[in-house]
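Please open the structure in a viewer and keep the selection tool at hand.

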Amino acid sequence: QERIKLEQIRESLIQQGFLQQSVQTVDPEAQTSGFVLSEAWYTKKRLRSRTLSSRSTDFSPDGRRFYILGRDTENVAEYHLDDPWQIDTAEYVRDFSTSGEIGTASQEEEASHGLYVRKTDGRRMWVLNRTEIWEYTLSDPWNVSSATQTGYQDLSDDVVRGHDMDFKPDGSVLYVDDRILGVVHQFELSSDWDVETASLDYVFDISDIQEAVRGTQFSPDGKKMFMMDTRRQEVLEFNVSTPYDLRSGSFVGTFGVASEAASPEGLTFKPDLTTFYVTSNGDNIVHQY
């Protein structure tokens, strides 16, 4: 049944003009940005999270607050860092239960996977299961325990198995990965930050590259997109020549994390791209590179 649904959705996306040819590949040596993912190294700094079956992560813009979603613990845990962006200085502060609206980990399709906290003010947060997204308002900015649900959108007409998401900084575009279709969905929001106004704009086909993507993040200028591929155990890098528009996306290369993370399922970059963090699901450790 899932295979039939998959074929039906792909065919529908092709007929509507959303899904086109597979992504092109560019020569990494032709880049002029000065950023070279292949030159990254492991710092040996890490955090053992209190979450179980750890998934998506996020930071506050100053690097002093860190958030991690636990699928099996059904929560978003909040940590404070004594030294900004240094994950080994993080201390647990509090958490927020996701089971009230999203469902429990035993309900396979309902378990939470993706997480995003709005960077401008810390007053909004979104949590994604495989096909649905919930919006929360934080009455106390950046404090996850103050969250209450204020919005919801069902994306199942387009998304088969999503795991993470990202927003354009102005809230006008939402991106959701899909490891079963092998794509990234690009949704337009007619009202900024309001997921209830989302409509499909484009589908970026990475089926020839990805094996099991579960993490998605754009660079602040929108010219790069990074994804975590669990099965490949690699970070995937893409160029986006027209910022934040995946119609202009091209594949650049990868960076392997298998030595540290056997089952990497979360990825977050520091805004200046000098540091990134990989969540290892099996041992619930966040590694810093």
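How many residues lie between strand 20 and strand 21 in the hairpin that they form? Select residues 276-280, which are strand 20, and residues 285-288, which are strand 21. The hairpin has four residues between its two strands, and in the turn Asn-284 has a positive phi of about 55°. Please bear in mind throughout that this is a predicted model.

**Stop 1: around strand 21**

Strand 20 and strand 21 run antiparallel and are joined by four bridges. Val-278 can be followed across to strand 21, where its bridge partner is His-287.

**Stop 2**

Select Ser-53, in the loop between strand 2 and strand 3. Although Ser-53 is not a glycine, its phi is positive, at about 50°. Ser-53 has a relative accessible area of 11% and is therefore buried.

Strand 3 comprises residues 54-59 and belongs to an open sheet of four strands, in the order 3-4-5-6, with antiparallel pairing. Which strands stand at the edges of this sheet? They are strand 3 and strand 6 (90-97); each has a single partner strand, so one side of each is left without a neighbour in the sheet. On average, neighbouring strands of this sheet are turned by 25° against each other, direction ignored.

For a detail within the sheet, select strand 4, residues 65-70, together with strand 3. The two strands pair in the antiparallel sense over four bridges, and Thr-57 has Ile-68 of strand 4 as its bridge partner.

**Stop 2: aromatic rings**

Colour the aromatic side chains. The whole structure contains 25 aromatic pairs. One of them, between Phe-96 and Tyr-136, is edge-to-face, with 5.1 Å centre to centre and 75° between the planes. This pair links distant parts of the chain, as Phe-96 lies in strand 6 and Tyr-136 in strand 9 (residues 132-138), 40 residues apart. Phe-96 is buried at a relative accessible area of 11%, and Tyr-136 is buried at 0%.

Select next Phe-35, Tyr-42, Phe-226, Phe-255, Phe-269, Phe-276 and Tyr-289, which ring pairs link into a cluster.

Charged side chains also lie over rings. Arg-118 lies over the face of Trp-193, at 5.3 Å from the ring centre, and Lys-119 lies over the face of Tyr-116, at 3.8 Å from the ring centre.

**Stop 3: the nonpolar cores**

In soluble globular proteins, nonpolar side chains tend to be buried together. Which residues have the most contacts inside the largest nonpolar core? Select Trp-126, Ile-133, Met-165, Phe-167, Leu-174, Val-176 and Phe-187; the core has 22 residues. At least two residues of this core come from each of helix 1 (2-15), strand 8 (124-128), strand 11 (165-167), strand 12 (173-178), strand 13 (183-189) and strand 14 (198-205).

Centre the view on Phe-167. Beyond its neighbours within four places in sequence, Phe-167 is in contact with Tyr-116, Trp-126, Val-173, Leu-174, Tyr-175, Leu-189, Trp-193 and Val-195. Another core, of 17 residues, lies apart from the largest one; Tyr-202, Phe-204, Phe-218 and Phe-251 are among its members.

**Stop 5**

Select Gly-215, in strand 15 (residues 213-218). Is Gly-215 buried or exposed? Its relative accessibility is 0%, so Gly-215 counts as buried. Leaving aside neighbours within four places in sequence, Gly-215 is in contact with Asp-164, Asp-177, Phe-226, Met-227 and Met-228. Gly-215 and Met-227 are twelve residues apart in sequence, with 5.0 Å between their C-alpha atoms.

Finish at Gln-233, in the loop between strand 16 (224-229) and strand 17 (234-240). Gln-233 is a residue other than glycine with a positive phi, near 55°. With a relative accessible area of 24%, Gln-233 is partly exposed.

How values were computed. Residues are numbered from 1 along each chain as its sequence is written. This is a predicted model: local features need pLDDT of at least 70, side-chain atom pairs count only at pLDDT 80 or more; totals for chains, interfaces and linings use all residues. Side-chain values use heavy atoms; hydrogens and water are left out. A nonpolar core is a set of buried Ala, Val, Leu, Ile, Met, Phe, Trp, Tyr and Cys residues joined through side-chain atoms within 4.5 Å. Buried means under 20% relative accessible area, exposed over 50%, partly exposed in between (1.4 Å probe, protein chains only). Contact means heavy atoms within 4.5 Å. Two strands pair if DSSP finds at least two bridges between them. Axes are lines fitted to C-alpha atoms, for helices over the stretch in contact, and angles run from 0 to 180 degrees between N-to-C directions. Rings of Phe, Tyr and Trp (its six-membered ring) pair if their centres lie within 6.5 Å; planes under 30 degrees apart count as stacked, over 60 as edge-to-face and the rest as tilted. A charge sits over a ring if NZ of Lys or CZ of Arg is within 6 Å of the ring centre and within 35 degrees of the ring normal.
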